[in-house]
There are 2 protein chains.
Amino acid sequence: MPEYRALREKHSILEMCSTPELAAQATMQPVERLGVDAAILFSDIVVPLRAMGIALDIKAGVGPVIDDPVRSVADVDRITPLEPELGVGYVLDAIRILVRELDVPLIGFGGAPFTLASYLIEGGPSKDFARTKALMLGEPETWNKLMDRLSESILAYLRAQIDAGARAIQLFDSWAGALAPAEYLTYVAPAVERIFAGLEGHAVPRIHFGVGTGELLHLMGAVGADVVGVDWRVPLSKARERIGKGFAVQGNLDPAICLAPWPIVEEHALEVLRQGGGLGHIFNLGHGVLPATDPDILARLVDLVHSFRP
Amino acid sequence: MPEYRALREKHSILEMCSTPELAAQATMQPVERLGVDAAILFSDIVVPLRAMGIALDIKAGVGPVIDDPVRSVADVDRITPLEPELGVGYVLDAIRILVRELDVPLIGFGGAPFTLASYLIEGGPSKDFARTKALMLGEPETWNKLMDRLSESILAYLRAQIDAGARAIQLFDSWAGALAPAEYLTYVAPAVERIFAGLEGHAVPRIHFGVGTGELLHLMGAVGADVVGVDWRVPLSKARERIGKGFAVQGNLDPAICLAPWPIVEEHALEVLRQGGGLGHIFNLGHGVLPATDPDILARLVDLVHSFRP
């Protein structure tokens with residue numbers, strides 16, 4: 001969106017994340033422009049890591065880059081537990097502004113331990129997660145210590161967001177789909193379970209998101225989520241079978257489809273809506289909006305979803 | 001392997017691919033070092049594209065980079081059909097050397113139309129295949145023309161490899177897993193079917209490979225393959241159910257596991273062998289060997305597979 005590009009011309013992503021007024025403004029832009037039913041906080045999953053003593057930057061066209069990657073137990077020890085009001089008070093302030101300004105509910109979020117660990121260990125985005133998996137399999141004690149540290153801090157972070165007014169939370173395990181089900185179950189699921197269990201009783205829906213997680217769907221619900229995100233690779237009706245009963249699904253239009261002409265977008269979106277069945281379904285894209293997307297296509301998409309009757 | 005690094009210090013990948021003696025040498029290195037049961041030709045799926053009038057390079061740490069990406073019907077028209085002996089005679093000469101020198105069968109290979117098209121359209125490797133999907137969905141006539149051109153040329157390329165002595169062929173649709181099943185079926189499967197059907201009667205096994213293709217497995221066999229490659233995300237017993245009866249499977253140890261200590265590698269490899277069931281199973285990694293892998297681990301892995309009795 002041009003209004004977002006205008007903001008980004010003046011401010012870096014991290015500057016925007018750490019300035020409550022700017023984060024709030026960027027959060028409200030798509031709500032105002034598109035008419036969506038909820039807002040998701042403008043931030044990045046690595047933001048709390050900075051407050052845990054990790055020097056990092058978010059580089060345009062690359063992603064998060066960590067100055068000193070975490071590769072030993074000594075590296076894990078230098079990660080300090082997050083104290084939300086002290087460390088990321090600016091995020092909570094942004095939430096407080098948004099709760100006052102918005103007419104729709106605000107979704108808070110955090111990164112899941114595996115995905116955060118992958119950035120910490122690789123030093124940035126990765127294609128194969130080779131170092132992450134090597135540490136996970138080869139040094140399980142170091143790995144578990146890292147999972148513990150991250151899950152405690154992310155739980156505190158999400159609780160603080162709920163206290164500040166977030167009405168739902170989303171846990172982003174964006175890259176968990178790189179793991180086989182057996183590895184996910186052994187090395188990742190326990191840390192995620194602690195986070196979701198720790199949010200029990202806060203009365204907010206817990207959304208669990210990942211990409212390429214077709215083989216993990218049965219686990220991604222069972223670890224304690226209320227809603228399981230599904231990417232476009234798995235039709236929603238098949239995803240529901242894998243996840244099991246008692247969960248809502250979120251998804252799953254391929255963001256690349258939004259680059260096609262409207263009749264194609266419409267056809268695919270209607271198929272997603274039909275597959276979703278109209279109940280227990282949060283319609284969204286299977287991953288983030290691609291930069292080349294025309295905002296008008298997204299606005300038409302929101303209207304289409306609103307007009308759908310199962 | 002150090003012997004491979006020594007070759008690469010003196011020659012670029014494209015130089016090695018286009019010099020029969022060097023391609024043959026690189027092909028034989030892992031066979032001699034590891035004792036595997038078959039050799040796979042040292043080459044790259046973009047090699048035939050150069051002989052089809054596409055200017056490209058393979059950049060270290062990046063992958064194939066195309067000088068002028070293909071984004072219109074005029075761009076498709078300037079791709080000339082491959083004449084294998086004329087355009088890639090050096091690949092066929094490498095095969096002829098290898099057939100004389102090797103004690104094990106040689107596997108030839110080519111890139112599948114979707115994966116080749118993704119490089120041509122994006123101009124290089126991609127995370128989201130946004131331009132590829134936009135062209136596929138938005139300009140189906142241009143897309144189909146591109147699929148036709150690629151499938152005809154790849155079929156000719158694979159036939160020439162068989163004529164030169166390749167005893168099996170593998171079709172690499174490495175990135176097909178980025179597609180939903182419905183898109184794969186409509187826009188990709190017909191071109192792949194033409195290739196496999198055109199190899200009928202050549203009496204060589206046809207292996208169909210991709211990564212992240214859990215939701216496409218039923219289609220990847222049905223398009224005419226004899227063997228379906230499976231990555232580590234789907235246990236082989238589950239993969240067999242999805243593929244259906246009458247197919248062999250290939251896979252599926254996660255290459256990242258080979259970076260862990262031997263007992264971990266052994267445990268995971270035995271699980272793959274058990275899941276594979278011992279019959280109609282080609283053991284290999286779910287994707288390429290990672291550069292940091294210790295060749296001794298791979299040699300032990302080959303011994304383990306050879307000693308396995310179901």
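Is Phe109(A) buried or exposed? Select Phe109(A) and check: its relative accessibility is 7%, so it counts as buried. Keep in mind as you click around that this is a predicted model.

Now zoom out for a moment: over all chains, the structure holds 10 aromatic pairs. You already have one of them selected, since the ring centres of Phe109(A) and Phe172(A) are 5.3 Å apart and the planes sit at 85°, which makes the pair edge-to-face. Colour by secondary structure and you'll find Phe109(A) in strand S4 (residues 106-111) and Phe172(A) in strand S5 (residues 168-172) of chain A, so the pair ties together parts 63 residues apart in sequence. Bring in Phe209(A) as well: with Phe109(A) and Phe172(A) it forms one aromatic cluster.

Hop over to chain B and pick Phe114(B) and Phe129(B). Here the ring centres are 6.2 Å apart with planes at 50°, so this pair is tilted. Phe114(B) lies in helix H8 and Phe129(B) in the loop between H8 and helix H9 (130-138), so the pair ties together parts 15 residues apart in sequence. Both Phe114(B) and Phe129(B) are buried.

Last stop: Pro113(B), in helix H8 (residues 113-122) of chain B. Pro113(B) is at 0% relative accessibility, so it counts as buried. Show its contacts beyond four places in sequence and you get Met147(B), Leu150(B), Ser151(B), Ala191(B), Val192(B) and Ile195(B).

Methods: Residues are numbered from 1 along each chain as its sequence is written. Chains are lettered from A and ligands numbered from 1 in the order in which they are written. This is a predicted model: local features need pLDDT of at least 70, side-chain atom pairs count only at pLDDT 80 or more; totals for chains, interfaces and linings use all residues. Side-chain values use heavy atoms; hydrogens and water are left out. Helices (H or I, at least four residues) and strands (E, at least two) are DSSP runs, numbered from the N terminus. Buried means under 20% relative accessible area, exposed over 50%, partly exposed in between (1.4 Å probe, protein chains only). Contact means heavy atoms within 4.5 Å. Rings of Phe, Tyr and Trp (its six-membered ring) pair if their centres lie within 6.5 Å; planes under 30 degrees apart count as stacked, over 60 as edge-to-face and the rest as tilted.
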